[in-house]
Structure formats: structure tokens, C-alpha cells
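Dear colleague,

I am passing this structure on to you, and below it you will find some notes on what turned up in it.

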Amino acid sequence: MTAPQTKKAELVKVRNLVKYFPVEDSDDVVRAVDDVSFDIFAGETLGLVGESGCGKSTVGRCLLRLYEPTSGEVLFAGEELTKMKAEQLRLMRREMQIIFQDPYASLNPRLSILSIVAEPLKIHRIGNKAERRERVAELLKKVGLDPDYMYRYPHEFSGGQRQRIGIARALALNPKLIVCDEPVSALDVSVQAQVVNLLQDLQAEFGLTYLFISHGLAVVEHISQRVAVMYLGKIVEIADAKELYELPLHPYTKALLSAIPIPDPKQKRERIVLQGDVPTPINPPSGCRFRTRCPIAVEECARVVPELREISPGHLAACIRVEGYETAPKTES
């Protein structure tokens, strides 16, 4: 039996985040992230889900300022990241790290594992060579690898082992927040479970906070305390993981959840098949961006941009057709 959880402090606050990318030889822009707001509480895992191209990874990279936001605010432990100068941001990056999606592309093939995992320590001038080597050995043990592997090179490892090395590198500076950018999508299913369990064990041991980005809804349900759903650059629903999976409110969330396969062939789930493709983020639909594929859309959906509003305690949705939307209190923008 688990002890009751106390209310956690906000570690990350994102407000009205916007990221546009210019289109070459054109005045158009790709509206990758368009007015996104959410919080991440200390010690929790916030899952961020949606179809490919909806802006999930861009949100994660803007949060760390790997991409410069077009506008909006990103606060980490009360500090405004978007206004920080280079040196101040470099020091703050000790607290924030990322695990990349591709374990093959994210490790330099010319460097040994020792050099790869020790690189953050070297950049931040932490310890001497012997102390860094000792720290690398400790980190490899933490992620389930033999410390002697530090003298090998990335090509000698499988995808799952490489991702463990990436996790070790992310842990090197004892961060508070780790952005997990689809960290298991490139791995075999059996290895996915091992890596997800490892991330949960490390979170429990070190008190880590995760933004877990994925299009694998079953994985997100397993690891997340809360889940945010994105569609075409906007968040359309946020709720506790259990409530969102059992009682989704937004029609897009319902369609995503209906596509999760059930391992029991005797159980049937009614599939909600969306018509058409995701519209281009260069010229998104007016009003609700989901209306062109929504099975319950009405004429008003083309005129009204739905606000992300709290329909029930802790459960926010952006849809004018959701019951209780009109009477729901406005959320902080």
C-alpha cells in the first residue's frame, strides 16, 4: 500500500510557448508550437503524446533552449530561462538534461564510452581525470552496464545498451529534470520495457523529474503520473494518467486511445478512425485545428479557437463540444 502523496511544487512552468520555423524562400512559417502552457511538478513524470509532427519534440527542445522559442515563458525552479545569458544558461543546464530518441545518432562513434559519459563533467570542469573515470564507472553500474565497457566504442553495443549509455550521460551532472525525447521508440519491444523500468528506478532513487515525450500510448500510461495530449502545435487535453485513459474528454484523445492494441483477442475495442491527414502546420485550419478530422465537429468549431479549460479538478480540455466546457472556469494563460 502506497503512502498518500503530498502536493508537489512546480519545477517547470511553461506559459504561452510559441516556436515558428521559417520556410526557405517564402514568407510562410511552420507553426510547430503555438501557444502551449503546462506545468511539471517536482518528482513527477509528465507524458507528452500525439501523432508524429505535432510538435512534441520541439516543446522539449524549447524547454531546454536547444531551440530558441519565438515567444512565451519557460520557468525552471522560478528562473526565467528564455531571458538568460549564455553563461547563466550553461550553469543552469547542469539541472536539465535530455535523452535523445536515436541511440545510434546521439553517441559520437569516434569517442570511447568514457569520453562520452564524462563529457558533461569535462565541460563543467568537475573533477580531475581519475575522479571522472570513477564517476563514469559508477554511472555505468547505475544503468546496468559493466564499468569496463567505458573503454569500448559505440559500435560495439546494441541499441538498448547505447540508450543506457545515453541515460548515464544524462545523469552525469545530477540533474533535476530530464527531457526523455521518445527514448524507447527506436528499441525492440522487450528492450523498451527494460529501459522504461530503468528510468522509473532512477527516478525513485534520485528524485528525478521527467518530461516523457512519446507516441507510444501504452508506454506513457505505464510511466506517467499525468499526460498532456498535443495536436498540430497545441495541447488539447491534460489530466492524471489514470483519469485520461479511463475517461478521455477530447475527441482526438478518444481516437488515439481507441488505437491502442489489446493483448486479449477476446476483448474488443471500438476503433475511432479519423478521416484525412493531419493539416499542414504552415496553414492550419481556422478555429479548432482538429475540426477537419473531428467526428463531432459543428459549424461553430471553424470560428471559435477553443481554450484549454479545466472541466473537472485537474482535467483540462480544449473542445467546445465537451460537456461542462461553457461553465468551466478559465485556466491561467
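Glu182 lies in the loop that runs between strand E7 (177-181) and helix H6 (189-206), where helices (H or I, at least four residues) and strands (E, at least two) are DSSP runs numbered from the N terminus. Although Glu182 is not a glycine, its phi is positive, at about 45°, and with 7% relative accessibility the residue counts as buried (under 20% relative accessible area, with exposed over 50% and partly exposed in between, for a 1.4 Å probe and protein chains only).

Please note that this is a predicted model, in which local features need pLDDT of at least 70 and side-chain atom pairs count only at pLDDT 80 or more, while totals for chains, interfaces and linings use all residues. Residues are numbered from 1 along each chain as its sequence is written, and side-chain values use heavy atoms, with hydrogens and water left out.

Arg65, in the loop between helix H1 (56-63) and strand E4 (71-76), also has a positive phi without being a glycine, near 60°, and Arg65 is buried, at a relative accessible area of 13%.

Turning to helix packing, H3 (residues 113-123) and H4 (residues 129-142) pack at an angle of about 115° with their axes 9 Å apart, the axes being lines fitted to C-alpha atoms over the stretch in contact and the angles running from 0 to 180 degrees between N-to-C directions. H3 is therefore roughly perpendicular to H4, a term that covers 65 to 115 degrees, whereas angles under 35 degrees count as roughly parallel, over 145 as roughly antiparallel and the rest as oblique.

With kind regards
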